[in-house]
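Me: Could you go through this model with me, sheets to start with and then the spaces inside? I'll ask as we go.

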Amino acid sequence: MAAPTDTPATTNEPYVVEDCRGLLKVMSDGSIIRSENPLAVLTFPDDGSVESKDLLFNSTHSLYVRLYRPVKTPPNTKLPILFFFYGGGFCLGSRTRPNNQAVCRRLSVELSALVLSFDYRLAPEHRLPAAIEDAEAALLWLKSQCTGPDIDPWLAESGDFSKVFISGESAGGNLTHHMAVKIGPTGLSPVQIRGFILIVPALLEKELTRSELECPETAFLNPETCARYLRLALPVGATREHPALNPFGPESPNLENVDMGPILVIAAERDLLIDSNLNYVVRLKKMGKKAELVQIAEEHAFFSIKPISEATGEAIQAIDRFMNQTGAGSD
């Protein structure tokens with residue numbers, strides 16, 4: 001474990017033992033402090049082309065989903081439904097963070113989609129597999145909306161339950177992988193899942209990869225930050241081979257005969273996770289899975305970090321092509 005961020009003034013005063021970007025501090029007495037810092041209060045332009053609202057989807061854990069819909073959606077027009085699970089090392093993030101809102105607005109308007117951004121429980125208060133359980137609850141909530149009597153008006157008016165996509169970035173890409181394994185394209189019937197989109201997914205291997213070893217300390221996601229997230233997110237005592245993080249580990253399900261549906265992995269050329277992302281696609285293809293890789297050049301963590309960038313636009317274009325391949329794109 002890394003050395004404490006702060007040193008105690010006296011033996012009775014708690015001090016910081018883990019600090020995640022100033023947003024999350026774990027104290028020596030076990031208490032946890034969450035706060036805002038400039039990373040979380042950035043503002044992005046909003047031209048009013050997308051409307052949004054919140055719904056409670058999990059009353060047990062008080063979890064909400066934010067729905068995004070293009071304002072100029074014609075009446076009686078059904079839009080594909082795109083789930084988006086945000087990143088943050090399983091420790092940080094929220095549907096309300098400005099960067100996540102900005103990228104969801106962009107996804108909604110550029111894909112002509114109804115975008116659903118789901119919260120999930122965060123570590124270290126709720127270590128894995130809590131987030132995976134919440135992601136599954138989110139999918140089951142959509143099924144209840146499709147089949148139940150109390151469907152939300154936006155979903156009733158604009159949602160096409162036959163054209164659903166599950167996506168996520170970083171930790172959210174990890175959750176998307178688990179949904180492909182647990183539920184797949186047919187496990188939510190009558191909802192039809194057309195594909196799974198993993199954006200720089202946080203999926204690891206037993207040993208550090210070359211891209212992890214060579215990642216510069218100045219990178220947004222560097223080895224030290226990644227190790228800190230693992231210490232806080234994994235069950236106490238767990239290693240990189242834990243099935244929550246390593247899809248091919250000894251305790252992970254055998255994927256050979258699992259119908260995961262079409263998979264799109266968007267990787268970043270200079271990201272710490274690039275090697276594990278590439279290996280993930282290669283291994284899925286060897287198993288006969290429909291797995292596609294798109295690599296964004298000269299980038300590392302970028303998607304919601306730089307939601308109005310050209311790189312994010314390139315990724316959204318790849319998502320649109322993927323959706324079109326299954327008959328659910330914006331064209």
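This is a predicted model: local features need pLDDT of at least 70, side-chain atom pairs count only at pLDDT 80 or more; totals for chains, interfaces and linings use all residues.

Me: OK, what is the order of the three strands in the open sheet?

Reply: The order is E1-E2-E3, with antiparallel pairing; strands here are DSSP runs of E with at least two residues, helices are runs of H or I with at least four, and both are numbered from the N terminus. Two strands count as paired if DSSP finds at least two bridges between them. The edge strands are E1 (16–20) and E3 (32–34), each pairing on one side only. On average, neighbouring strands of this sheet are turned by 15° against each other, direction ignored, where axes are lines fitted to C-alpha atoms, for helices over the stretch in contact, and angles run from 0 to 180 degrees between N-to-C directions.

Me: How many bridges join E1 and E2?

Reply: E1 and E2 (residues 24–27) pair over four bridges in the antiparallel sense. Asp 19 stands opposite Lys 25 in E2, and Glu 18 stands opposite Val 26 in E2. The two strands form a hairpin with three residues between them, and Arg 21 in the turn has a positive phi of about 55°.

Me: And what sits between E2 and E3?

Reply: Four residues lie between E2 and E3 in a hairpin, and Gly 30 in that turn has a positive phi of about 90°. E2 and E3 pair in the antiparallel sense over three bridges, and Lys 25 has Ile 33 as its bridge partner in E3.

Me: Which helix lies across E1 and E2?

Reply: Helix H6 (residues 223–233) does, running at about 115° to E1.

Me: Switching to the eight-strand sheet, which strands stand at its edges?

Reply: The sheet is open, with mixed pairing and the order E4-E5-E7-E6-E8-E9-E10-E11. E4 (50–58) and E11 stand at the edges with a single partner strand each, so one side of each is left without a neighbour in the sheet. Neighbouring strands of this sheet are turned by 20° against each other on average, direction ignored. E8 and E9 pair in the parallel sense over six bridges, and in E9 the bridge partner of Phe 165 is Gly 195. Helix H2 (residues 130–147) packs on the sheet, touching E4, E5 (63–70), E6, E7 (114–118), E8 and E9 (contact means heavy atoms within 4.5 Å), and its direction makes about 105° with that of E4.

Me: What about H8, which elements do its buried residues pack against?

Reply: They pack against E6 (79–85), H1 (98–111), E8 (159–169), E9 (193–199), E10 (263–268) and E11 (291–296). The buried residues include Ala 311, Ile 316, Ile 319, Asp 320 and Phe 322, where buried means under 20% relative accessible area, exposed over 50% and partly exposed in between, with a 1.4 Å probe and protein chains only.

Me: Is Leu 221 buried or exposed?

Reply: Leu 221 counts as buried, because its relative accessibility is 13%. Its place is in the loop between H5 (210–213) and H6. Leaving out residues up to four places away in sequence, Leu 221 touches Arg 21, Cys 215, Cys 226, Tyr 229, Leu 272 and Leu 273. Leu 221 and Gly 89 are 132 residues apart in sequence and 9.6 Å apart in space, C-alpha to C-alpha.

Me: Now the cavity: which residues lie nearest its centre?

Reply: Of the 30 residues lining the largest cavity, Gly 87, Gly 88, Gly 89, Ser 170 and Tyr 229 lie nearest its centre. H6 gives the most to that lining, with four residues. The largest cavity holds about 430 Å³ of space. On a 1 Å grid over the protein atoms alone, a cavity is a set of points where a 1.4 Å probe fits but cannot get out, a pocket is an open set with protein on both sides within 12 Å along at least five of seven lines, and lining residues have an atom within 4 Å of a point. Grid points are joined across faces, edges and corners, and a volume is the space filled by probe spheres set on the points.

Me: And which element gives the most to the lining of the largest pocket?

Reply: H1 does, with four residues. The volume of the largest pocket is about 200 Å³, and among its lining residues are Phe 44, Asp 46, Arg 105, Arg 106 and Ile 308.

Notes. Residues are numbered from 1 along each chain as its sequence is written. Side-chain values use heavy atoms; hydrogens and water are left out.
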